[in-house]
Amino acid sequence: MENIKARAEKTAAATEASGGGRVPAVEMIGITKYFRSVPVNDSIDMKIYKGEILSLLGENGSGKTTLMNMLSGIYFPDSGSIRIDGQPVHIKSPKDALDLHIGMIHQHFKLVDVLTAAENVVLGLNESFRLNLKNVRREVASICEKYGFTVDPDKKVYDMSVSEKQTLEIIKVLYRGADILILDEPTAVLTPQETRRLFSVMRNMKEDGKSIVIITHKLHEVMDISDRVAVLRKGKYIGDVNTADTDPQQLTDMMVGHRVSLNIDRPEPDNVRECLKVEHLSVIDADGVKKLDDVSFTAMGGEILGVAGIAGSGQKELLEVIAGLQSALPGSSVIFTDRDGKTSSLIGKTPMEIKKLGVHLAFVPEDRLGMGLVGDLDIADNMLIRTYRDGAGMFVNMKKPRKLAEEIVEEFEVVTPDLLTPVRKLSGGNVQKVLVGREIAGDPSLLMSAYAVRGLDINTSYIIYRLMNEQKAKGTAVIFVGEDLDVLLELCDRIMVLCDGRISGIVDGRTAAKEEVGLLMTRLETEAGK
Amino acid sequence: MGTVLTQIISLITTAISFGTVIMYGSLGETLTEKSGHLNLGVPGIMYMGGIGGLIGAFLYETNAASPVPGVGLIIALASALVCSLLGGLIYSFLTITLRANQNVTGLTLTIFGSGLANFFGGSLSKLAGGVGQISVAVTSSAFRATQHLTDGIPYFDEIFCNYGFMVYLAIIIAAVLSFIIKRTSIGLNLRAVGENPATADAAGINVIRYKYAATCVGACISGLGGLYYVMDYIKGTWANDGNIEALGWLAVALVIFATWKPLRSIWGAYLFGALYWLYNFIPGQSRSMQEIFKMLPYLVTIIVLISVSLRRKKEDQPPSWLGRSYFREDR
């Protein structure tokens, strides 16, 4: 611990030395911000230089986004000062930030769905009384050409893919003449190819002399894109290091404050038994499009079955059919076998009926605050959602859920002011801990999770991996839908790859190569053979 | 044959006069809703506009030695606008600054407005003395003055020129609103505020100012509906009969019918008027049948709502943030 700190300080001093003489584009001095008497940023001093890409690294809730929001005018610091190009400034609103050429691309895109790309770009600029989109189109085209991306200015935002929306956000801030760009977890929703494209755009912007701050959890991206890394932990500025002088292990240590192993455990499965047998499963959506096509596989108790695939390949439908939230086409079969060998069919059953069959099914959906938890309810009430029918008579038994809530908060170190805080006010990682905690509390025979570590920091991700492994050791069949192939290959016993609603292959997680899985994600085996 | 034609012309003119009242209400409400605020106080604001105009005209006519129609008109117009602006300010302060629940605030404003108007309406009738019915005939005559453009074309004047100026003003306001919302930077910003205030805010738009402006200007336009009703539709009199409230709710329904588009409000308003008064032109209706006819505008609104929901066209949906308050530092 002392050692790490000393190392960080040493490198920080080195950076100071190398930055000496240069006037920082942004200087934040003693920035402090409280949320309900909790310091989220605690006297932070940070500098951002011209023509550099700075990674802002830290766990969930370490205050990265809050700090950047104060630069972009969303929040106003309780104390401390900000200097831009050496001049002290007061950024009281997003407009002030834009006037100072600071642009932020938020994690949740700030775009108006029903407007076109061009309309979103000129929003709030009031260039002329009558809207004149001709100039906008031309300007957008020249920005696109300069930095190397494409966007259709007349496309409505609701027709855009996630990556198109992000491109539009970047164009929006560039159009406003931003010299300081802040990107809040820009790669969280992108495919590897899209991420590579984004990084090349970022490098072009850096060449152009812009200062770029990227907030991310992904260490390999930090190493890849940034020149310097600044680390926050629990609202405090831990230090900064030149990317060239550091490695993922040191960064993790700085971020977490103690040593963490970056290897994911994969115990040998024992007592493997058949738990869920899916045969000829087909699903169509409301528009009649086939989302799953003749899917057959078996999930074994005591094993983690990974599901890989490009987003929208049928992962969501697969889990929802098993959970009883979607109906399947005739001929589909989903047979569940419990620990005593009793079998029951889950097809065509509602979640309530499945529960009444005695099937203990845990589901951690992708949409945590829509499908998993109720954002406006507190932790205890969210526990109650699973068990409110258990009480006798018309009164609800609040004792058990409250106790469970307390246990989860304690065991998983959920950061919350108190048990009465609505869960939507918790950070993403803490929301996920609450959800997973509730789902495994029911001692499930089958645990399904979709993108369980999306947007989570390293520490929380490893807690989730550990919990999955604990369930596996208990003989639970775990279905783990993931997007990070490295994680899937390290954690799962078998990996099923979905491509366009069909299974393109099921591989052994211990022996499969990343390229092999990547290939399966984009091509069906039968087609490849032709 | 001639009588059928006369009947049709009569239905059209009735529909246009009636439709104008609700067109004002719905245009104001459309503007308000574009900023993300659902103001269910429209009936109350129409009441306030109506009674405001009446009070202004009454005080002028009773105090002036020989009232001039044009002056009465300007006084009535100004006092109606001030009163409805007041209603809009009450609503804005509560829902924008204090972030109170919009539905509750709006409904309360309706109760407040109708109570206020009926109290003063009754008092004015008493002050006017005589048979107990107040009348501002001079001012009303200015509101009802018509300008006949042609003599030659048969039926043209009867159908198109038979109304006071406020009928045409409503159409102009609808066109101007439509232009502003669709074709100007202000309109683009306003739409963004109603769709996604956080985005608008981050884009440097003063969300609070836009909300106040849209809600207050909207209230003024809605209030004109009440003024038109009092000065033109019932010819400068007052009745504590709750009619304005009924029309106010029709105006709210019309916003949905017109799918938040001012130009659609024009023909929607006339259609509502025609449906509402259809029973008058179909002989042999019992009293209960009449009430069923009066229900038709709501019925078509429901049908529009269903078809819009089924088609799921994004452009026909209400502003996404409608009914929710916005606070920048909310987490």
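**Exercise 1. The lining of the largest cavity**

Task: Determine how the residues of the lining of the largest cavity divide into nonpolar, polar and charged.

Solution. The lining of the largest cavity holds 9 nonpolar, 3 polar and 4 charged residues. Here Ala, Val, Leu, Ile, Met, Phe, Trp, Tyr, Cys and Pro count as nonpolar, Asp, Glu, Lys and Arg as charged, and the others, Gly among them, as polar. The structure is a predicted model, in which local features need pLDDT of at least 70, side-chain atom pairs count only at pLDDT 80 or more, and totals for chains, interfaces and linings use all residues. Residues are numbered from 1 along each chain as its sequence is written, chains are lettered from A in the order in which they are written, and side-chain values use heavy atoms, with hydrogens and water left out.

Next, the cavity itself is described. A cavity is a set of points, on a 1 Å grid over the protein atoms alone, where a 1.4 Å probe fits but cannot get out; lining residues have an atom within 4 Å of a point. The whole structure contains 4 cavities of 30 Å³ or more. The volume of the largest is about 160 Å³, a volume being the space filled by probe spheres set on the points, which are joined across faces, edges and corners. Among its 16 lining residues, those closest to the centre are A:L98, A:M104, A:H106, A:V173 and B:A202.

Finally, the lining is assigned to elements. In chain A, α3 (94–99), β6 (102–105) and α6 (162–175) each contribute at least two lining residues. Helices (H or I, at least four residues) and strands (E, at least two) are DSSP runs, numbered from the N terminus.

**Exercise 2. The two chains**

Task: Describe chain A and chain B by their helices and strands, and by their radius of gyration.

Solution. Chain A has 19 helices and 20 strands, whereas chain B has 14 helices and 0 strands.

The radius of gyration is taken over C-alpha atoms, and the globule rule is 2.2 Å times the number of residues to the power 0.38. For the 530 residues of chain A this rule gives 24 Å; the model has 25 Å, so chain A is as compact as a globular protein of that length. For the 331 residues of chain B, a compact globule would have a value near 20 Å, and the 20 Å of chain B agrees.

The C-alpha atoms of chain A fill a box of roughly 75 × 55 × 50 Å along the principal axes; the trace of chain B spans about 60 × 50 × 40 Å.

**Exercise 3. Buried residues**

Solution. Buried means under 20% relative accessible area, with a 1.4 Å probe and protein chains only.

B:S26 lies in helix α1 (residues 2–34) of chain B and is buried at 0% relative accessibility.

B:D316 follows α14 (296–311) of chain B and counts as buried at 3% relative accessibility.

Notes. 1 Å grid on protein atoms, 1.4 Å probe; cavity = no way out; pocket = protein on both sides within 12 Å on 5 of 7 lines; lining within 4 Å. Buried < 20%, exposed > 50% of the residue type's maximum accessible area, 1.4 Å probe, protein only.
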